[in-house]
Amino acid sequence: MRREREPTNKVTETTAYTFHFQITNKGGRQACSVKVQAPNIHDATTFFRQNWPMIESMARDGIVSRFDDDRTIELVMPS
């Protein structure tokens, strides 16, 4: 039996996965979170780990430049 290939331009549904972490800042800890849009938790976790240096840098920049309590960074996994 022959099975047809699915089109590669099919739109994949994504879900927002939120990862919470803390970073130190001037002797204290700051709670942060990052939202990753990905098709599944495995891809979101892989993306988070591979991009940790960039995420940490963005979080540190956000702490310095923000005065409010929102420490959420939103990322979308490239398709």
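Me: Among contacts in the protein chain between residues at least 6 apart in sequence, what percentage join residues at least 24 apart?

Reply: A contact means heavy atoms within 4.5 Å. Here, 48% of the contacts between residues at least 6 apart in sequence join residues at least 24 apart. The model is predicted: local features need pLDDT of at least 70 and side-chain atom pairs count only at pLDDT 80 or more, while totals for chains, interfaces and linings use all residues. Residues are numbered from 1 along each chain as its sequence is written, and side-chain values use heavy atoms, with hydrogens and water left out.

Me: In what order do the elements of the protein chain run?

Reply: Elements are DSSP runs numbered from the N terminus, helices being H or I of at least four residues and strands E of at least two. The protein chain has 2 helices and 3 strands, arranged β-β-α-α-β from the N terminus on.

Me: Which residues of helix H1 are buried?

Reply: Buried means under 20% relative accessible area, exposed over 50%, and partly exposed in between, with a 1.4 Å probe and protein chains only. Of the 79 residues of the protein chain, 27% count as buried. In H1, residues 41-50, the buried ones are Ala44, Thr45, Phe47 and Phe48. Seen down the axis of H1, these buried residues fall within an arc of 165° (taken from the directions from the helix axis to the C-beta atoms), so they line one face of the helix. His42, Arg49 and Gln50, on the other side of H1, are exposed.

Me: Which residue caps the N-terminal end of H1?

Reply: Asn40 caps that end, with a side-chain oxygen 3.1 Å from the backbone nitrogen of His42.

Me: How many aromatic pairs does the structure hold?

Reply: Rings of Phe, Tyr and Trp (its six-membered ring) pair if their centres lie within 6.5 Å; planes under 30 degrees apart count as stacked, over 60 as edge-to-face and the rest as tilted. The structure holds 4 such pairs. In one of them, the rings of Phe21 and Phe48 have centres 6.3 Å apart and planes at 55°, so the pair is tilted. Phe21 lies in strand E1 (residues 15-25) and Phe48 in helix H1, so this pair ties together parts 27 residues apart in sequence. The rings of Phe21 and Trp52 have centres 5.1 Å apart and planes at 85°, so that pair is edge-to-face. Trp52 lies in helix H2 (residues 52-65) and Phe21 in strand E1, so the pair ties together parts 31 residues apart in sequence. Ring pairs link Phe19, Phe21, Phe48 and Trp52 into a cluster.

Me: Are Phe21 and Trp52 buried or partly exposed?

Reply: Phe21 is buried, with a relative accessible area of 11%, whereas Trp52, at 28% relative accessibility, counts as partly exposed.

How values were computed
A polar contact is a pair of N or O atoms within 3.5 Å; within protein, one must be able to donate a hydrogen and the other to accept it, and residues adjacent in sequence count only if both atoms are side-chain atoms.
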